[in-house]
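Please look at the sequence and the structure shown below, and keep both in view while reading the report that follows.

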Amino acid sequence: VPPRNLQSQKLPTKLASMLSDPDLTSAITWMPHGRSWKILNRELFSSFAMPRYFGHSNHASFVRIVNAWGFRRVTKGTD
C-alpha cells in the first residue's frame, strides 16, 4: 500500500501493514504466540512508523486510538 493510502486506512489494516513491514521489525512485532503485538522500540516506532502510517509522531494519540478500538495493554500474564 503506498504511504499516502496508509494514513486513510482503519487501525486494523494499519496494524497488519506495520506488523508485516520488514523495515519495522525492530520497532513493532507479533508476540510469539500470535495473539498480541508489542512495540519494541518506542522512539523508532514514534519517529519512523507513526508518521508513515498515521501522519504524526504523537505516541499518546496512538495509544488513545488503539484503546478506542478495544485493544488493552497487558503487563502481566501470558499475553
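In this predicted model, helix α3 contains 13 residues, yet its end C-alpha atoms are only 15 Å apart, which falls short of the 18 Å that a straight helix would reach at 1.5 Å a residue. Where does α3 bend? The helix bends by about 30 degrees at Phe48, and a proline, Pro51, follows within four residues.

An α-helix has 3.6 residues a turn, so residues three or four places apart point the same way. With that in mind, the reader can pick out on the structure the buried residues of α3, which are Phe45, Ser46, Ala49, Met50, Tyr53 and Phe54. Arg42 also lies in helix α3, but Arg42 counts as exposed because its relative accessible area of 53% is over the 50% cut-off. Between Arg42 and Arg73 there are 31 residues in sequence, and the distance in space is 14 Å, C-alpha to C-alpha.

Side chains of opposite charge can pair when their charged atoms come close. The structure holds 1 salt bridge, in which Arg52 pairs with Asp21, the closest N and O atoms being 2.9 Å apart. This pair links distant parts of the chain, since Arg52 belongs to helix α3 (residues 42-54) while Asp21 sits in the loop between α2 (11-20) and β1 (28-30), 31 residues apart. Are the two partners buried or exposed? Asp21 counts as buried, because its relative accessibility of 8% is under the 20% cut-off, whereas Arg52 is partly exposed, with a relative accessible area of 27%.

| Residue | Relative accessible area | Class |
|---|---|---|
| Asp21 | 8% | buried |
| Arg52 | 27% | partly exposed |
| Arg42 | 53% | exposed |

The last topic is the space between the atoms. Rolling a probe the size of a water molecule over the atoms shows where empty space is left. In this model the largest pocket holds about 720 Å³ of space. Of the 21 residues that line this pocket, the closest to its centre are Trp37, Lys38, Arg72, Arg73 and Val74. By class, the lining of the largest pocket is made up of 9 nonpolar, 5 polar and 7 charged residues.

Definitions and conventions:
Residues are numbered from 1 along each chain as its sequence is written. This is a predicted model: local features need pLDDT of at least 70, side-chain atom pairs count only at pLDDT 80 or more; totals for chains, interfaces and linings use all residues. Side-chain values use heavy atoms; hydrogens and water are left out. On a 1 Å grid over the protein atoms alone, a cavity is a set of points where a 1.4 Å probe fits but cannot get out, and a pocket is an open set with protein on both sides within 12 Å along at least five of seven lines; lining residues have an atom within 4 Å of a point. Grid points are joined across faces, edges and corners, and a volume is the space filled by probe spheres set on the points. Ala, Val, Leu, Ile, Met, Phe, Trp, Tyr, Cys and Pro count as nonpolar, Asp, Glu, Lys and Arg as charged, and the others, Gly among them, as polar. A salt bridge is a side-chain nitrogen of Lys or Arg within 4 Å of a carboxyl oxygen of Asp or Glu. Helices (H or I, at least four residues) and strands (E, at least two) are DSSP runs, numbered from the N terminus. Buried means under 20% relative accessible area, exposed over 50%, partly exposed in between (1.4 Å probe, protein chains only). The expected span of a helix is 1.5 Å times one less than its number of residues. The bend at a residue is the angle between axes fitted to the seven residues ending there and the seven starting there.
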